[in-house]
Amino acid sequence: MGGTAVQEILEAILADQPAAIGSLDVPATYRGVTVHADEVEMFQGLETRDKDPRKSLHLDEVPTPEVGPGEALVAVMASAINYNTVWTSIFEPMSTFGFLKRLGKSSPEAAKHDLPYQVIGSDLAGVVLRTGPGVNAWKPGDRVVAHCLDVQLEHPDGHSDTMLDPQQRIWGFETNFGGLAELALVKANQLMPMPAHLTWEEAASPGLVNSTAYRQLVSTNGANLKQGDTVLIWGASGGLGSYATQFALNGGATPVCVVSSPEKAEICRRMGAELIIDRSAEGYRFWKDEHEQDPKEWKRLGARIRELTGGDDPDIVFEHPGRETFGASVFVAKRGGTIVTCASTSGFLHQYDNRYLWMNLKRIIGSHFANYREAWEANRLVAKGKVHPTLSKVYSLGDTGQAAHDVHRNAHQGKVGVLCLAPEEGLGVLDHELRSAHLTEINRFRDV
């Protein structure tokens, strides 16, 4: 741990003395999980699946950044692994140090991000330690979670939807000083209240994926889910899909959950889903080889969906695997239906037969993270106990490489958490009554 100052901060948090936080010294250094600029070629020549995050992720003692205007320094109790953690760690589709260089050139204040190392991570739950000039909504001692949209809002395009701002970035991926660390630097407009009925590690886990799924599926910027919709959800027990499944059920829609094992199917049933396709058991092979897809398999999937739904095609297809599934997604969507896509965990170059899109009046919508309003609404649903964390396993900060390796190999369910300052799991709960009412739902992904 990064010295006496960090220990004093932790002791104040554990003793529930938020008023004392602002009077404590800011540590000169702290521990953070990093990638190094001089190692970006370390996996050259290897296939993606053979690139090992355990080799590229380091736990380093790093200098504490200066808190600038509109920023907050947060003592991080817990964080979580996202797929952008994996991309950063294997330097795909490109090194994130290019992002840091461009950010560093954007203003004198931003130059601090351009370093030969990057502290990564796009989720956190913790306590505000310091705020910079111009921050009035938050103060030292506030218990917070953070969403990952970093935006200055100096461009007019961002004022209708911050995700359209040309200067928007993903914190801890396209910026430095991320959440897989003892301290983190965020914009104050990334902060949201920590749900009082959750532990630190539970509260840290929804942020990125919950907000992303909300915009992608629920928001008018995404698929604009309505009651009665049929929604095909790829990877329905995973980080994104597990929230999409909850949103579909809460919104009066019917999810058709695609999973890859009986264990993942059971998780979907625990969430309340009834229509489930185990793609491994049913043997779908959407590609004949590396270059050619198999439309017969698209049709077989479409027939299976109709069998489950009583003849309905999906109004919405919730897409994120990308290359492997996209042709099938476009095909199975109903006439006039919507394919909404973010990420591409199986490959970024999508191929589909445009006849099924154009002649059947379907729409493809690109969706990327969420604006502050969408992230706030998604977090509010968690705080009210309407949507629940999907935390399955928790690692120590020193084992972040193994955690990222597990996500890279898809050897996980839901979200994988990381303890940062928190010395053990189970700490941080304030509202025990609300927690008791939802304990089964909160724990349904644990140790599966």
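Student: How many bridges pair β6 with strand β10 (residues 191-193), and in which sense do the two run?

Tutor: Strands of a sheet pair through backbone hydrogen bonds, either parallel or antiparallel. In this predicted model, β6 and strand β10 (residues 191-193) pair in the antiparallel sense over 3 bridges, and V145 stands opposite M192 in β10. Residues are numbered from 1 along each chain as its sequence is written. Because the model is predicted, local features need pLDDT of at least 70 and side-chain atom pairs count only at pLDDT 80 or more, while totals for chains, interfaces and linings use all residues; side-chain values use heavy atoms, with hydrogens and water left out.

Student: Which residue in β6 is the bridge partner of L124?

Tutor: The partner of L124 in β6 is A146; strand β5 (residues 124-131) and strand β6 (residues 143-146) run antiparallel and are joined by 4 bridges.

Student: In what order do the strands of the open sheet lie, and which of them stand at the edges?

Tutor: The open sheet has 3 strands in the order β2-β1-β4, with antiparallel pairing. At its edges stand β2 (58-63) and β4 (117-119), each with a single partner strand, so one side of each has no neighbour in the sheet. From one strand to the next the twist averages 60°. Strand β1 (residues 29-36) pairs with β2 in the antiparallel sense over 6 bridges, and T34 stands opposite H58 in β2.

Student: How should I read a helix pair, and at what angle do the axes of α4 and α14 cross?

Tutor: Two packed helices are described by the angle between their axes and the distance between the axes. Axes here are lines fitted to C-alpha atoms, for helices over the stretch in contact, and angles run from 0 to 180 degrees between N-to-C directions. The axes of α4 and α14 come within 9 Å and cross at roughly 105°, which makes α4 roughly perpendicular to α14, since angles under 35 degrees count as roughly parallel, over 145 as roughly antiparallel, 65 to 115 as roughly perpendicular and the rest as oblique.

Student: Which residues of α4 and α14 meet?

Tutor: On α4 they are Y83, T85, V86 and I90, which meet A404, V407 and H408 in α14. The residues of this contact divide into 5 nonpolar, 2 polar and no charged, where Ala, Val, Leu, Ile, Met, Phe, Trp, Tyr, Cys and Pro count as nonpolar, Asp, Glu, Lys and Arg as charged, and the others, Gly among them, as polar.

Student: Which residues touch the most other members of the largest nonpolar core?

Tutor: A nonpolar core is a set of buried Ala, Val, Leu, Ile, Met, Phe, Trp, Tyr and Cys residues joined through side-chain atoms within 4.5 Å, and buried means under 20% relative accessible area, exposed over 50%, and partly exposed in between, with a 1.4 Å probe and protein chains only. The largest nonpolar core has 114 residues, of which L124, L191, W200 and L217 touch the most other members. Its largest share, 8 residues, comes from strand β3 (residues 71-81). Apart from this core lies another of 21 residues, including L275, V332, I339 and L357.

Student: Is Q216 buried or exposed, and with what is it in contact?

Tutor: Q216 is located in helix α7 (residues 207-218) and counts as buried, because its relative accessibility is 0%. Contact means heavy atoms within 4.5 Å; leaving aside neighbours within four places in sequence, Q216 is in contact with G222, A223, F318, E319, V340, T341, C342 and S367.

Student: Which backbone angles deserve attention, and what phi does D16 have?

Tutor: D16 has a positive phi of about 55° although it is not a glycine; this residue is in the loop between α1 (3-14) and α2 (18-21) and counts as exposed, at 52% relative accessibility. N410, likewise a residue other than glycine, has a positive phi near 60° and counts as partly exposed at 44% relative accessibility. A cis peptide bond joins E92 and P93, with omega about -5°, and P93 is found in the loop between α4 (83-90) and α5 (97-106).

Conventions
Pairing = 2+ DSSP bridges.
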